[in-house]
Each structure stands twice: as structure tokens, then as C-alpha cells.
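Subject: Handover of a structure

Dear colleague,

Please find below the structure that I am passing on to you.

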Amino acid sequence: MNRFEVLFMLAYTTIVTGIFQTFCSGANTGHISRRIGRGQLEHMFNQPVSLPMQLATEGFIPFSGSSNLISGTVIMAVALNGLDIVLPWWWVLSLIGNLIVTVAIILGNSYFASSLAFYAPVQAEEISTFVIDTFGHISTFPLSGMPRYLQFPLITFIPTGLLAWFPTLALFGKAPFGLSAWYPLLIAIILWLFAAHFFRKGLHYYVKTGINRYHPMGHRR
Amino acid sequence: MSRQASTDTTPWVTAGRRRKAPAMFTPSAGSPLNGGVHVQCVTKTFTQWQRENAGKGILRNLLKPQKKTVHALDDVSFTINPGEFVAYAGPNGAGKSTTMKLLAGMLQPTQGTVSVLGMSPDKDRIRLMKKLGVLFGNRTELWWDHPISQSFEWKRVVWDIPDDVYKRNLEMVTDLLDIGELQKTFARELSLGQRMRADLAMMLLHSPTLILLDEPTLGLDVVAKRQMIDFLKKVNRENGVTIVVTSHDMDDLEEMAERILMISNGKIAYDGSFDGLRALSEAYGIETQTVVIKKAPIEQVIAGLYKAWK
Ligand SMILES: Nc1ncnc2c1ncn2[C@@H]1O[C@H](COP(=O)(O)OP(=O)(O)OP(=O)(O)O)[C@@H](O)[C@H]1O
Ligand SMILES: [Mg+2]
């Protein structure tokens with residue numbers, strides 16, 4: 001990777017963070033383990049709207065969340081300018097598609113890990129923060145110089161490489177390991193299926209046992 | 001399943017006629033399954049981990065954690081007919097909040113069935129919540145960092161309340177609960193009593209046919225409590241709303257409700273009128289003093305003073 005590609009990758013991460021903050025950080029919808037651990041899901045049960053719909057609509061905070069989105073876009077423009085390549089118009093669409101898939105992977109990770117909070121509300125209250133931040137930090141390393149035995153697990157079992165490195169290469173037509181550019185979408189779907197399964201199981205356990213740990217912190221703030 | 005319970009979207013305020021609450025225990029025209037509350041052989045057990053903090057206990061915790069099983073509800077059955085005002089009482093830890101959570105779909109029973117307004121709180125959750133109002137005295141449903149009016153607006157959108165219904169209900173609660181002044185204030189800046197009034201108002205905006213209140217008078221002063229009691233009585237007597245309320249203040253309960261359901265150690269200990277409860281205490285040989293009040297009841301005196309100070 002040359003230095004503008006690395007800059008592009010960092011811009012990509014910043015934009016992803018911006019999207020996450022704008023659409024998923026209101027009312028802790030992205031950090032769902034907090035709401036579970038603090039017993040706040042009980043408020044949601046009393047609304048005549050399905051839980052996925054509530055989660056999808058509560059997270060949007062357009063003003064306080066968009067600073068990363070804006071600065072990331074500016075950095076990306078600088079990187080693209082430096083790369084000095086001609087890109088077709090539909091490339092922008094594939095960029096947006098990749099960004100959405102990346103955010104989906106982060107959310108999938110968060111909800112997957114957060115399912116633990118149904119069973120261990122005290123210990124796992126902040127697990128979503130832990131997962132999102134740790135993955136976020138690791139994802140900013142360009143893996144191109146690394147040995148293959150490190151690259152491979154980081155795009156499969158611990159898919160931090162899919163959050164910035166893989167999409168950057170794929171967007172420039174250089175996806176590693178001869179994988180298709182659609183590969184992150186496949187991982188996102190698998191992750192969501194797992195997350196949905198474990199989340200539903202956890203929810204079921206929750207309404208059977210009751211957490212009795214109600215705390216209003218962060219609720220409807 | 002019958003949808004009888006969910007046909008009226010008319011605001012209660014239009015029901016100007018005095019709709020008489022059904023007499024106690026007389027089954028309503030329809031089966032109680034269609035409206036009201038039907039709890040059948042419900043058991044709810046909780047597991048509580050036991051911890052010791054000293055000496056060998058710490059080691060024992062690690063090697064062999066001790067569990068305790070609590071029967072919060074033990075084979076409980078009762079029916080509440082549409083239009084009733086039921087007081088739900090019992091000592092601390094008796095299982096009152098647990099029952100409320102079961103009715104509101106926040107918990108599921110270990111055994112037994114719960115039917116609320118003819119629906120299952122689990123399977124018909126979304127449909128049920130359009131008709132149910134829930135308020136826990138120690139929680140708020142308001143948006144903390146927003147003005148009260150914005151929470152009300154949120155409620156209108158989420159519950160999809162028709163404009164005319166919303167408008168009339170809002171007028172009614174604003175008037176009866178005296179919250180006109182509070183609407184532009186942020187929820188976080190309200191006192192406890194003011195917040196409770198705003199919460200109560202918001203709960204009623206969608207014209208629920210059944211409301212569940214868990215210790216709604218917690219921390220309220222005499223005047224605020226009076227206001228709440230009068231309001232609930234009005235909503236019940238004039239609009240036919242079914243109400244289940246828990247409290248530790250028996251005077252309040254007696255004043256509001258016609259029927260008292262008492263629970264103790266997870267079992268129904270008494271179900272009937274307050275006078276029946278007095279008779280029962282005599283049967284137990286419990287001596288009661290009939291207080292002949294020469295002096296004015298102190299609560300009234302204080303209430304009068306509070307009002308004068310306002
Ligand atoms: N989630 C839970 N996990 C474990 N035990 C619980 C849980 N919820 C309630 N309990 C236990 O169930 C019993 C009934 O509790 P509940 O909160 O229903 O009592 P209550 O009648 O509302 O009491 P209070 O008047 O103090 O509010 C108590 O012994 C309590 O310790
Ligand atoms: Mg309680």
C-alpha cells in the first residue's frame with residue numbers, strides 16, 4: 001500500500017466511525033449491552049412497536065454525531081486526489097455499499113457480544129464498548145505488510161481486517177487472497193444471523209429470569 | 001380471539017355520561033378473558049446467588065456457589081373484570097412488582113397463564129401495548145433532557161394516536177393534573193411530584209383501557225397524592241378504565257379502590273372488600289381500636305396548609 005492508500009484507509013475508518021455515531025449511538029442503540037445490563041429493555045416492551053424498529057429509529061443523532069463523518073470525508077477527498085487515479089461514477093456507489101457493510105459488521109459484533117449481557121448483566125454491561133473500541137483500534141493497522149498467517153485470521157475469525165483494510169484494497173481492485181469484493185457482505189450476513197440467534201435466545205432468558213438491576217443511566221437522554 | 005377489548009379509539013372525554021363501574025365480582029357481559037385481567041395458576045420462581053463476604057465463605061463462594069430459589073409467586077390465580085379498581089397490597093417482597101411485570105409483559109411466568117385484555121402479554125405484545133398503560137413509581141418514561149411537551153409528542157407518534165384523540169386527552173390531563181405550567185420545562189428539572197404528574201399524564205394520552213401502577217404515590221406530598229387519587233378515581237368511575245394499583249399506603253388504597261387483593265409470600269391471602277378485611281381481622285381475634293376523631297385528621301390539616309402556602 002502506498003501512503004495515499006493508507007490515508008484513504010484511515011479516512012474510511014473515520015467515516016465508518018462517523019456513520020456509527022450518527023445513526024447508531026443515540027440512546028445507546030449501538031451499545032446495546034448497556035441497555036440490557038441496566039434493565040432498560042423493559043421500557044421497550046411497553047411500546048407498541050417491534051424491538052428492531054425501535055432500535056433502528058432511536059439511534060439517529062444527526063448533529064452531535066456527524067463530526068467524524070465530515071472530517072473523514074475531507075480526508076478521503078485529499079487521499080483520492082493524491083492517488084491520482086480515474087474512478088468511474090459507480091465507484092462512489094460501491095464505496096457507500098462498503099461503508100454500510102462495514103457498519104453492519106460492527107453492529108453485528110456489538111449485538112453478538114451484547115447477548116452475553118442477558119446472562120451476566122453486571123460483568124457484560126460495557127462489553128459492546130469493549131468490542132467496538134478494541135476492533136476499532138486494531139482495524140486501523142494496514143495489514144498489507146503482515147505475514148499471511150496473521151492476515152488470514154484477521155479477515156475470518158476476528159474480522160477486524162474487514163473494517164478498513166480489506167474494503168480499501170477491494171475498492172481499488174486489489175482484494176487480498178483472491179477473494180471477491182463481496183466477501184465482507186457474506187461475513188456481515190453470517191454475523192447478523194449468529195447475532196440475531198443469540199440475541200433472541202438471550203432475550204428469552206431475560207424475560208424468564210428478570211434482571212432486577214434497573215438503572216436509569218443513559219435512558220432516554 | 002375476540003377483539004372486543006380493542007374496538008374503541010374514542011377518547012374517554014367524549015364519554016360524558018357517567019358509566020357505572022361494574023359491581024364487584026359480578027362477571028361482565030363478556031367472558032373476563034375478553035377484557036380485564038385473567039391470571040391462572042401462575043408461578044414465578046427466581047434464583048438468587050448467595051454470597052458471603054468473610055472468612056471461609058469467600059472460598060466456599062468460589063468452589064461451590066450457593067443458590068437460593070425464591071418463589072415470588074406461588075400458584076396465583078385471580079380475575080379482574082373490566083371497569084374494576086383493584087388495590088394490590090402486601091408486605092415488602094410479597095410479589096407485587098413481579099405480578100405487575102408479568103401483566104406488562106416484562107417478565108414471563110415460570111408456570112401458568114396470563115391474559116390481559118384478552119391478549120397474551122408475550123404473543124400479542126404490540127397490540128396489547130396500544131391499550132395498556134404502565135407506570136412504575138420509581139421509573140420515568142419521560143425524555144430526561146427534553147421538555148415535557150416533546151415527550152408527549154413522542155408518545156403521540158410512537159403510539160400512533162389519532163390527532164383528535166390526542167388533543168382531547170391532552171386537554172383533559174393538562175386540566176386535571178395541573179401540568180399546563182410544566183410542559184415547557186425539561187423533565188430533569190422537575191421535582192419528583194411534578195415528574196410523577198407528567199408521567200401519569202403521558203401514560204394516559206393513548207386512552208388505555210387498563211392501567212397498571214406500581215407504587216405511583218411514592219414520595220408524593222399530601223396534595224399531589226390527593227390530586228393523583230382524585231384523578232385516578234375520575235378516570236375509573238367516569239371513563240370505565242380498569243385500574244390495578246399497588247401501594248403501601250392503605251388509606252390511599254381504601255379511598256381509591258373497591259376491591260383489595262392481598263398477597264403474602266407469593267400467595268393470594270385475601271380478595272374482597274375493605275370492610276370484609278375488617279371483619280376478617282375480627283375473626284382472627286385481632287383487636288382494633290375504633291378511633292373516634294375529636295381532632296381533625298392531621299393529613300387534612302397539613303393538606304390545607306400546603307394549599308394555603310401555594
Ligand atoms: N429478578 C429477580 N431475581 C431474583 N429475585 C427476584 C427478582 N425479582 C424479584 N425477586 C424476588 O422476588 C420476591 C418478590 O419481589 P417483588 O419485587 O415482586 O416484591 P414486592 O411485593 O413488589 O415488594 P415491595 O413492596 O418491596 O416492592 C422478592 O423476594 C425478591 O427478592
Ligand atoms: Mg415492588
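The notes below go through the ligand site, the chain contact, the sheets and the helix pairs in turn. Please bear in mind throughout that this is a predicted model.

The ligand site

I begin with ligand 1, which is surrounded by 14 residues. The closest of them are A:Gly210, A:Asn212, B:Phe46, B:Ser97 and B:Thr98. Because residues from chains A and B surround ligand 1, the site is shared between chains. On the side of chain B, the elements β1 (37-50), β2 (66-80) and α2 (96-103) each supply at least two residues of the shell. The largest share, 3 residues, comes from α2(B). Sorted by class, the shell around ligand 1 holds 4 nonpolar, 9 polar and 1 charged residues.

The contact between the chains

Chain A brings 15 residues to the contact and chain B brings 18 residues. On the side of chain B that touches chain A, helix α3 (residues 125-129) of chain B gives the largest share, with 3 residues. That side of chain B is made up of 11 nonpolar, 2 polar and 5 charged residues.

The three-stranded sheet of chain B

Two of the elements that line the ligand site, β1(B) and β2(B), also belong to an open sheet of 3 strands in chain B, with the order β2-β1-β4 and antiparallel pairing. At its edges stand β2 and β4 of chain B, each with a single partner strand, so one side of each is left without a neighbour in the sheet. On average, neighbouring strands of this sheet are turned by 30 degrees against each other, direction ignored.

β1(B) is joined to β2(B) by 11 bridges in the antiparallel sense. Within this pair, B:Val39 has B:Phe78 of β2(B) as its bridge partner, and B:His38 stands opposite B:Thr79 in β2(B). Helix α2(B) packs on the sheet and touches β1, β2 and β4 of chain B, its direction making about 120 degrees with that of β1(B). β1(B) also runs antiparallel to strand β4 (residues 111-116) of chain B, to which 5 bridges join it. In that pair, B:His38 stands opposite B:Ser115 in β4(B).

The six-stranded sheet of chain B

A further open sheet in chain B has 6 strands in the order β5-β6-β7-β3-β8-β9, and its pairing is mixed. Its edge strands are β5 (132-136) and β9 (267-272) of chain B, each of which pairs on one side only. Neighbouring strands here are turned by 15 degrees against each other on average, direction ignored.

Within this sheet, strand β6 (residues 210-214) and strand β7 (residues 242-246) of chain B pair in the parallel sense over 5 bridges. B:Leu212 stands opposite B:Val244 in β7(B). Helix α9 (residues 274-283) of chain B lies across β8 (259-264) and β9 of chain B, and runs at about 115 degrees to β9(B).

Two helix pairs

In chain A, helix α6 (residues 90-114) and helix α10 (residues 183-209) pack with their axes 8 Å apart, at an angle of about 25 degrees. An angle under 35 degrees counts as roughly parallel, so α6(A) is roughly parallel to α10(A). Their crossing is left-handed. Residues of α6(A) in this contact include A:Val101, A:Ile105 and A:Phe112, while those of α10(A) include A:Leu185, A:Leu191 and A:Trp192. By class, the contact of α6(A) with α10(A) has 15 nonpolar, 3 polar and no charged residues.

In chain B, the axes of helix α5 (residues 163-177) and helix α6 (residues 192-204) come within 9 Å and cross at roughly 155 degrees. α5(B) and α6(B) are therefore roughly antiparallel to each other. The crossing of α5(B) and α6(B) is right-handed. B:Asn169, B:Val173 and B:Leu177 in α5(B) meet B:Arg197, B:Leu200, B:Ala201 and B:Leu204 in α6(B). The residues of this contact divide into 5 nonpolar, 1 polar and 1 charged.

Yours sincerely

Note on methods. Residues numbered from 1 in each chain as written. Chains lettered and ligands numbered in written order. Predicted model: local features only at pLDDT ≥ 70, side-chain atom pairs only at ≥ 80, totals over all residues. Contact = placed C-beta atoms within 7 Å. Helix = DSSP H or I, 4+ residues; strand = E, 2+ residues; numbered from the N terminus. Nonpolar A, V, L, I, M, F, W, Y, C, P; charged D, E, K, R; others polar. Pairing = 2+ DSSP bridges. Axes fitted to C-alpha atoms, helices over the stretch in contact; angles between N-to-C directions. Near = placed C-beta within 6 Å. Parallel < 35°, antiparallel > 145°, perpendicular 65-115°, else oblique. Left-handed = near helix turned anticlockwise from the far one by under 90°.
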